[in-house]
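Let's take a walk through this fold together. Have the sequence and the 3D view open side by side, and follow along from the overall layout to the ring pairs.

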Amino acid sequence: MRATLFCPALVALCLSAPALADKFALSSPDLNAGQRMADTFVFKGFGCEGGNQSPALRWSAPPANTRSFAITVYDPDAPTGSGWWHWQVVNLPASVRELPRNASADGLPAGAVQTRTDFGKPGYGGACPPPGHGKHRYQFTVWALDVASLPLDGEASGALTGYMLRQHALGQAQLTVHYSR
């Protein structure tokens, strides 16, 4: 009964609250959340025969005061004890809201930096789990940051990049797909 008395006031408050603003979200015309990654985005090497193209990514409704973005792709299921970094891009301008397919190879916005992946070099490295190891999750994450750039170069490790992202994150949006062989 008491909730009924307060309901009209709460509804009015909620409808005007920023909580109903659009939520920071990541999407892709190339990936479907919870679905299997297409071979176009699978690594070429280590026994895998994919196209090794980074997928197109789009994001919307970043947090207020976002000064730059970063993108990471991480496999928490890799049998390493620490997962596997497949792609890390930092210093994407705050005005950017999407990357086209194969942006890793065809060119990123001015100022963007790809840091070193667990394949040993900067740039996108697609899915390539061990044969028979089951489904691996690939977490594509866009990070909204409170700084215009991070002091990282192409030699920065996944751990260092992750540390810097967490120090400056205003928010993040994620899209998870899977792959197995």
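Predicted model: local features only at pLDDT ≥ 70, side-chain atom pairs only at ≥ 80, totals over all residues.

Residues are numbered from 1 along each chain as its sequence is written, and side-chain values use heavy atoms, with hydrogens and water left out.

The protein chain has three helices and ten strands, where helices (H or I, at least four residues) and strands (E, at least two) are DSSP runs numbered from the N terminus. Read from that end, the order is α-β-β-β-β-β-β-β-α-β-β-α-β.

Now find the open sheet of five strands, ordered S8-S6-S5-S9-S10 with antiparallel pairing. Its edges are S8 and S10 (169-179), each pairing on one side only. Two strands count as paired if DSSP finds at least two bridges between them. S5 (residues 68-75) and S6 share seven bridges, while S6 and S8 (residues 113-114) are joined by two. On the S8 side, valine 89 sits opposite glutamine 114.

How enclosed is strand S6 (residues 84-93)? Nine of its ten residues are buried, so the rest of the structure largely encloses it. Helix H3 (residues 158-168) lies across S5, S6, S9 (136-145) and S10, running at about 45° to S6; contact here means heavy atoms within 4.5 Å, and axes are lines fitted to C-alpha atoms, for helices over the stretch in contact, with angles from 0 to 180 degrees between N-to-C directions.

On to the rings: the whole structure holds eight aromatic pairs. Rings of Phe, Tyr and Trp (its six-membered ring) pair if their centres lie within 6.5 Å; planes under 30 degrees apart are stacked, over 60 edge-to-face, and the rest tilted. Phenylalanine 24 and phenylalanine 69 make a tilted pair, 6.4 Å centre to centre with 35° between the planes. Phenylalanine 24 is in the loop between H1 (2-16) and S1 (25-27) and phenylalanine 69 is in S5, so the pair links parts 45 residues apart in sequence. Both are buried. The rings of tyrosine 74 and tryptophan 85 have centres 4.5 Å apart and planes at 45°, so this pair is tilted.

Notes. Buried < 20%, exposed > 50% of the residue type's maximum accessible area, 1.4 Å probe, protein only.
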